[in-house]
Amino acid sequence: MAVMLDLKNIRKSFYLNTPNELEILHGLNLTVDKGEFLSIVGASGSGKSTFMNIIGVLDRPTDGYYNLDGVDIEKAKDWELSGIRNKKIGFVFQTYNLVARTSALKNVKLPMLYAGMKKKDRLERAKELLDIVDMSDRMMHNPDELSGGQKQRVAIARAMANNPSIILADEPTGALDSKTGRKIMDIFHKLHKEQGKTIILITHSPELAEETERIITLKDGEIVGERRKQ
Amino acid sequence: MLIGENILLALSGLKSNKMRAFLTMLGIIIGIASVIAIMTVGNSLNTSVTSSMQEMGANNLTVGLKQKSYSEEVTESGMRFGAGFRKSMTSDDYITDEMLSAYKEEYPDNIDAISISESIGSGTAEDGNLSANVNIVGVNIGYLSINELTLLSGRSLTDRDQEEGRKVVLVSEKLVKNLFDGDNYNALESAINININGKYYTYTIVGVYEYEENSMFTSESDEDVTTDVYLPLKTAKEQNHSEEGYTQFTIVTTTDTDNETFMEQTKYFFNVYYAKNENYEVNVTSMESMLESMTEMLSTISIAISIIAGISLLVGGIGVMNIMLVSITERTREIGTRKALGATNASIRLQFITESVVICLVGGFIGIVLGIILGSAAVTILGYDASASVQSIIFSVVFSMLIGVTFGYYPANKAAKMNPIEALRYE
Ligand SMILES: Nc1ncnc2c1ncn2[C@@H]1O[C@H](COP(=O)(O)OP(=O)(O)O)[C@@H](O)[C@H]1O
Ligand SMILES: [Mg+2]
């Protein structure tokens with residue numbers, strides 16, 4: 001199977017008040033195949049989000065090697081990372097992070113705007129995506145007029161805008177009740193099965209983790225367990 | 001393409017926070033409005049004054065007596081010429097007919113005509129319950145030719161009228177309209193009684209001239225309008241019991257005369273007579289030089305107001321910068337989100353610079369409209385025709401954009417350089 005992500009000996013330190021260095025990730029190794037659906041679990045503060053941000057090239061590791069679909073991230077310029085986030089990766093956050101005072105439709109169009117897509121194509125694609133997440137009837141609504149589950153569905157549609165091959169979801173159901181969370185999970189399964197997306201899911205829920213193909217357990221910035229399901 | 005989206009984004013931002021947007025723009029609005037207002041006033045005054053002065057003869061020289069003084073600057077401008085100079089004038093001080101004849105003989109090629117006038121006063125011409133406002137002005141033949149009066153009926157004043165000091169006058173068509181029901185022929189050879197502060201003067205009308213609207217005073221109605229009644233200079237002098245001689249006269253120079261040089265020559269010529277006079281000397285001014293000093297005065301006022309406007313714009317720009325910094329802090333998470341979605345630093349920078357330029361441009365447009373309204377109102381109150389200055393409008397638009405870019409750059413750059421993770425974690 002083709003490798004999508006290859007991370008070797010990833011370290012991340014924060015410099016709270018220089019020179020006080022605080023290492024959060026202590027040399028993580030992870031290889032993810034194309035089309036894999038895996039989950040990362042672990043206690044709060046174990047470094048899951050920090051790791052995810054590095055995987056999503058929102059942040060650079062302090063040390064280590066990272067190859068994303070053939071691109072050596074260490075050597076890539078900042079604007080190249082912007083392009084990777086724009087076209088290769090779709091983010092789904094626990095707090096949705098929809099742009100305020102901006103309609104669902106416009107939120108979904110945003111990544112396409114940065115990709116330089118034509119206006120007509122943007123509109124067409126955004127409508128199509130909102131239809132997939134069953135939000136067509138709310139596309140003119142602003143975020144403050146939507147429920148948590150609805151917001152997260154819009155956020156997933158937005159993450160899918162430029163048809164990325166990787167979806168990174170950081171506790172996407174963390175703020176939702178189990179019934180709504182179930183609906184969101186179903187969308188991920190659908191994207192995985194029907195479109196072959198590579199999906200990495202951070203979750204607190206053992207049941208949801210059980211639904212994925214591989215479970216990585218993080219503790220104090222180290223991988224302490226890895227279980228492949230079949 | 002991204003710019004278009006950014007403009008829409010900025011406008012919807014302004015719309016959703018109107019009060020804050022307005023307060024932010026206030027400095028820009030006041031600054032631009034005052035620039036536009038003063039430019040409108042300056043432009044209108046310049047246009048009207050230039051045209052009306054040209055009407056009055058920009059190439060005329062005015063020769064007058066002024067008090068010998070050691071504080072030259074009082075008379076330097078030409079505008080305050082003659083202030084209070086009558087107080088100790090004696091018969092020895094006047095410019096005499098002999099001087100004028102000698103002057104004419106000396107420069108026959110330069111002098112086209114010499115115009116002299118002497119006012120008797122202002123009052124009302126009365127006939128039963130009809131009346132008309134008038135100025136009685138004694139004039140010489142030169143005066144009439146310079147002012148190019150168009151006779152509608154009757155005759156002009158002649159040399160004989162002048163020599164004999166006849167009590168004959170030229171009146172305006174407006175006066176005829178008010179006193180004779182507009183019948184010019186009926187007015188001719190009629191007597192006219194003019195009341196000046198209770199004292200009556202009676203003349204015979206020999207001609208009616210066409211009234212030309214003076215653009216400097218247009219606010220009076222036909223009934224209230226004050227027109228000139230012209231009578232021979234000699235008659236006026238006799239009625240005033242004034243001395244032989246003049247305090248002021250106007251020279252029309254020939255077309256191939258260099259006025260600048262001729263002004264100096266004229267001044268020199270007359271001051272030979274006044275070398276021994278202890279109190280008076282002769283000063284020569286031209287409409288041109290008066291126009292110059294007027295323009296100079298206007299531009300001084302313009303500069304002063306422009307400085308105030310500049311300070312206001314600077315404060316306005318700092319206000320815009322301040323509100324942009326606030327806005328960027330408030331929208332830190334949005335910036336983080338946009339970066340996560342693939343926005344480059346450059347596109348974030350562009351977004352916020354566009355926003356700041358849009359704020360300044362909207363403020364600028366409001367300022368331009370407000371400035372034109374205020375400027376036009378001021379000009380209209382002063383009694384001139386308003387005309388906005390196109391350059392100042394273009395300048396204002398460009399300047400607003402410049403403020404937007406200048407004061408928007410720092411906040412926009414700050415937003416662009418935000419670390420995406422820190423921006424997303426911002427609470
Ligand atoms: N920008 C940062 N500066 C300082 N400390 C940070 C920063 N980001 C994360 N941390 C610390 O790193 C640790 C791991 O955080 P995080 O990756 O968010 O954990 P998780 O997502 O597993 O709950 C925490 O102790 C947190 O305080
Ligand atoms: Mg986390």
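Mentor: Let me start with a definition: a crossing is left-handed if the near helix is turned anticlockwise from the far one by less than a right angle, and right-handed if clockwise. The model is predicted, with local features needing pLDDT of at least 70 and side-chain atom pairs 80 or more, while totals for chains, interfaces and linings use all residues. Residues are numbered from 1 along each chain as written, chains are lettered from A and ligands numbered from 1 in written order, and side-chain values use heavy atoms, without hydrogens and water.

Trainee: Then which way does H1(B) pass H13(B)?

Mentor: The crossing of H1(B) over H13(B) is right-handed. Here H1 covers residues 2–16 and H13 residues 345–382 of chain B, and their axes approach within 9 Å and cross at roughly 55 degrees; helices (H or I, at least four residues) and strands (E, at least two) are DSSP runs numbered from the N terminus, and axes are fitted to C-alpha atoms, for helices over the stretch in contact, with angles of 0 to 180 degrees between N-to-C directions.

Trainee: What does that make H1(B) and H13(B) to each other?

Mentor: They are therefore oblique, since under 35 degrees is roughly parallel, over 145 roughly antiparallel, 65 to 115 roughly perpendicular and the rest oblique.

Trainee: And which residues make the contact?

Mentor: On the H1(B) side they include B:Leu2, B:Ile3, B:Ile7 and B:Leu14, and on the H13(B) side B:Leu350, B:Thr354, B:Glu355 and B:Val362 are among them, where contact means heavy atoms within 4.5 Å. Over the whole contact of H1(B) with H13(B), eleven residues are nonpolar, four polar and one charged.

Trainee: Switching to chain A, in what order do the strands of the open sheet run?

Mentor: The order is E2-E1-E4-E5 in chain A, four strands with antiparallel pairing, and two strands pair if DSSP finds at least two bridges between them. Strands E2 (21–33) and E5 (71–72) of chain A are the edges, each pairing on one side only. Between E1 (residues 3–15) and E4 (residues 63–68) of chain A there are five bridges, and A:Lys8 has A:Tyr65 in E4(A) as its bridge partner.

Trainee: What lies across E1, E2 and E4 of chain A?

Mentor: Helix H1 (residues 48–55) of chain A does, running at about 125 degrees to E1(A). A:Ile54 belongs to that helix.

Trainee: Is A:Ile54 buried or exposed?

Mentor: A:Ile54 counts as buried because its relative accessibility is 0%; buried is under 20% relative accessible area, exposed over 50%, partly exposed in between (1.4 Å probe, protein chains only). Apart from neighbours within four places in sequence, the contacts of A:Ile54 include A:Leu7, A:Ile10, A:Leu25, A:Pro61 and A:Tyr66.

Trainee: And where is A:Ala209?

Mentor: A:Ala209 sits in helix H7 (residues 206–210) of chain A, and at 2% relative accessibility it counts as buried. Not counting residues up to four places away in sequence, A:Ala209 touches A:Ser39, A:Val41, A:Thr203 and A:Ile215.

Trainee: Back to chain B, what do E3(B) and E4(B) form?

Mentor: They form a hairpin with two residues between them, and B:Gly128 in the turn has a positive phi of about 60 degrees. Ten bridges join E3 (residues 117–127) to E4 (residues 130–139) of chain B in antiparallel fashion, while three bridges join E3(B) to the antiparallel strand E7 (residues 191–196) of chain B. B:Glu126 has B:Ser131 as its partner in E4(B) and B:Asn193 in E7(B).

How values were computed. Ala, Val, Leu, Ile, Met, Phe, Trp, Tyr, Cys and Pro count as nonpolar, Asp, Glu, Lys and Arg as charged, and the others, Gly among them, as polar.
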